[in-house]
Every structure is written in C-alpha cells, then in structure tokens.
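Today I'm looking up charged side chains and who pairs with whom.

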Amino acid sequence: MNRRVFLCTAASIGAMTLSGCGLGPDPTPDYRYRLTVEVETPEGLKSGSSVIEVQTNIAGEYSIPTPGRVSQRLRGEAVTVDLEDGQV
C-alpha cells in the first residue's frame with residue numbers, strides 16, 4: 001500500500017511540475033490572409049484566391065531547451081487561376 005501511495009504522490013507532483021512549462025494557453029492569435037491574383041487575358045479579367053494561415057507560438061519561460069522561443073507555422077495553398085483551354 002505504501003508503494004501505491006508513493007507512486008500516486010510522485011505522479012501528482014510530476015504533473016504539477018510539468019504544468020508550469022508553458023503548456024498553458026498561448027497569448028498570440030492566429031491570422032488568416034486571403035491572397036487574390038488577377039490576370040488579364042484576351043477573354044477578360046480572370047482571378048483566383050487562396051487563404052494562408054499563420055500560427056505563432058511562444059515557448060514558456062521555463063521551457064527546455066529554449067525558453068521564450070518564438071515559432072511560426074504557415075499553412076495554405078498556392079493561388080491558381082483557371083485560364084482558357086484547361087490551362088492553370
């Protein structure tokens with residue numbers, strides 16, 4: 001029984017210790033940008049658009065190995081414009 005109590009106590013202390021490593025809510029917002037491209041063709045103006053998302057994360061003060069590190073993640077697709085004869 002003493003071993004079980006010790007393991008539960010050690011697990012609880014470990015969880016409380018790790019909770020202070022910057023795993024909480026991140027104060028930086030995510031941004032989404034719409035990029036639109038317009039192309040003049042003999043048939044007229046053609047356009048295409050895409051959305052790009054930028055996520056910024058800041059590591060906590062006590063993060064290992066780099067406290068306070070700022071990292072960004074970009075997600076999205078290239079803009080395409082459908083032209084005549086099935087060309088892009």
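Predicted model: local features only at pLDDT ≥ 70, side-chain atom pairs only at ≥ 80, totals over all residues.

Which residue forms a salt bridge with Arg-75? I looked it up: Glu-53 does, with the closest N and O atoms 3.3 Å apart.

Residues are numbered from 1 along each chain as its sequence is written, and side-chain values use heavy atoms, with hydrogens and water left out.

Next I counted: the structure holds two salt bridges. The other entry I wrote down is Arg-32 with Glu-53, at 3.0 Å from N to O. Arg-32 sits in strand β1 (residues 31-41) and Glu-53 in strand β2 (residues 44-58), 21 residues apart. I checked "strand": a DSSP run of E, at least two residues, numbered from the N terminus.

Back to Arg-75: this residue lies in strand β3 (residues 70-76), so its pairing with Glu-53 ties together parts 22 residues apart in sequence. I then noted that Arg-32, Glu-53 and Arg-75 are linked in a network of salt bridges.

Last, I asked how accessible each one is. Glu-53 is buried at 9% relative accessibility (buried means under 20% relative accessible area, exposed over 50%, partly exposed in between, with a 1.4 Å probe and protein chains only). Arg-75 is partly exposed at 42%, and Arg-32 is exposed at 58%.

Key: Salt bridge = Lys/Arg side-chain N within 4 Å of Asp/Glu carboxyl O. Helix = DSSP H or I, 4+ residues; strand = E, 2+ residues; numbered from the N terminus.
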